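Thanks for coming. Have a look at the sequence and the model on the screen, and then I'll walk you through some of the parts.

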Amino acid sequence: MIDINLIRTEPEKVKAALLKKGYEADFSAPLEWDIERRKLISEVETLKARKNKVSAEIPTYKKEGKPVGVIFEEMREIGNEIAKIDERVADLEDKIFEFVACLPNLPDEDLVAGGKENNAVERVIGKKPEFDFTPKNHVDLCTSLGLIDYERGVKLSGGGFWMYRGMGARLEWALLNFFVSEHLADGYEFILPPHQLGYNCGFGAGQFPKFADEVYWLDVDADRKKNRFMLPTAETALVNVYSGEIIDESKLPIKMFAYTPCFRKEAGSYRSEERGMIRGHQFNKVEMVQYAHPDHSDEAFEELVNKASRLVEKLGLYHRVSKLAAGDCSASMARTTDIEVWIPSMGIFKEVSSVSNARDYQARRNNTRFRDAVTGKTRYVHTLNGSGLATSRIMPALVEQYQNADGSVTVPEVLRPFMGGIEVIK
RNA sequence: GGAGAGAUAUCGAAGUGGUCAUAACGAGCCGCACUCGAAAUGCGGUCGUCAGGAAACUGGCGCAAGGGUUCGAAUCCCUUUCUCUCCGCCA
């Protein structure tokens, strides 16, 4: 959430920043509400101060036997006046909140404006795999090797679901275990969060209200705020762990990761480019999150980008690192860097990790703060997140890049310890 | 799912309509004093938020959350959430 005070003091600057994301903002209404709100607050506080003063004197009057009927009458009137103004203030605050809550985050100043077309490749890692035979695509490979049972997945749950079997399940599990072991080695805390979350989590992460229709709701009550939804990414859980709390500054940065399945509606996104497990309603992901001190969140960001890239590199996969243009960053994020892995059959790079710095946008929404040791004041933390990694995108790249002429797939060396030493899947 | 009990600061806990909510009492933590140092002891301090202010500071709000009664609510009433105990259910 953007600070209303920032909108008040530098509306043009905020407007220009949002425009880089392609978002046109008009602050005239909320700024008027804000002026009225502050005027009313100072009025009503004067009344309240008087009421408090008189109320405190009443017991004394009573003890002295003085009449209090007239005072009660006056206090009742003041009370009515207070109630009226309070109601108006609450109303204005609701409107301001609603407006601000729907604004996307400000992009960092160094980002270029515009969408995807302005993303910039920062570096390419590894060697582009060349084949002296006609390589198969991942759907054919996974099917012929019996790694993924697409048909029976659809039979169980409908389109967009699949089932890992046998060596496929073991490969998937090995990937997850490899990621877990790497994050543990880097000192991150392992979290297994609930897979069902309350509305507040979606709001805190900045995904609601805008994307509330893109998750699966467990509808019990007509009021969505009382229902739970299946998490679309572990970020939604991890970023809310300390909501409403004041963290000890010495605890920062807090580094954690979680493995969860992710559930997304992905309505109407069936393209030939997304066959197989490129985009499904349920996929596995290990997610990294950091709660960082605002002065050090840039370092945390670099760390997460490097971690994600290194995981892909250790798997021996050809990939690249791209800095996203402002408009391609998701709404909650101030900056995002994507790790994209090469899918030979498609001839393109596909995102396997999105590393983002939300700065204080999420922390403001869910009220996550720390106490500054120097000033003693509370400040909002910076939250950062990145996939580390999503297996559903890694698996296609892996089987395709590691395929052999005979249709078998070599197991990357780092995964072998997690697969009982198996070297080739055939 | 049923019945009962509960939710007050960092923790324990008192307060059951006003003049003790920064909040008793106890502990913790931070200063200072005493000490060679520590312990013990003594003294002082120790919440968040909003509005105004350059600041010092002033004022408002906050007793799980939201409503209500009242001149006045932590206290009485209603709704919701969560925790504990007992009973039921338990793939």
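Which residue in β12 does H319 stand opposite? H319 stands opposite V341. Before I go on, some ground rules. This is a predicted model, where local features need pLDDT of at least 70 and side-chain atom pairs count only at pLDDT 80 or more, while totals for chains, interfaces and linings use all residues. Residues are numbered from 1 along each chain as its sequence is written, and chains are lettered from A and ligands numbered from 1 in the order in which they are written.

Back to the strands. Strands here are DSSP runs of E, at least two residues, and helices are runs of H or I, at least four, both numbered from the N terminus. Two strands pair if DSSP finds at least two bridges between them. β11 (319-323) pairs with β1 (120-125) in the antiparallel sense, over five bridges. In that pairing, R123 has V321 of β11 as its bridge partner. β11 also pairs with β12 (335-343), again antiparallel, over five bridges.

Next, another sheet. Three strands form an open sheet in the order β5-β7-β6, with antiparallel pairing. Its edge strands are β5 (196-198) and β6 (217-218), each pairing on one side only. β5 and β7 (228-230) share three bridges. Q196 has M230 in β7 as its bridge partner.

Now the domains. Chain A is divided into domain 1 (26-101) and domain 2 (116-425). Those bounds come from an automatic or database domain assignment. The C-alpha centres of the two lie 49 Å apart.

On to two helices, α3 (28-63) and α4 (69-101). Their axes come within 9 Å and cross at roughly 150°. Axes are lines fitted to C-alpha atoms over the stretch in contact, and angles run from 0 to 180 degrees between N-to-C directions. Over 145 degrees counts as roughly antiparallel, so α3 and α4 are roughly antiparallel to each other. Their contact has 17 nonpolar, one polar and twelve charged residues. For these classes, Ala, Val, Leu, Ile, Met, Phe, Trp, Tyr, Cys and Pro are nonpolar, Asp, Glu, Lys and Arg are charged, and the others, Gly among them, are polar.

Last, the RNA. Near means that a C-beta atom, placed from the backbone, lies within 6 Å. Of the 17 residues around RNA strand B, K48, A49, P59, F72 and M75 come nearest. α3 gives the most to this surface, with twelve residues. By class, the surface has seven nonpolar, six polar and four charged residues.

Conventions:
Parallel < 35°, antiparallel > 145°, perpendicular 65-115°, else oblique.
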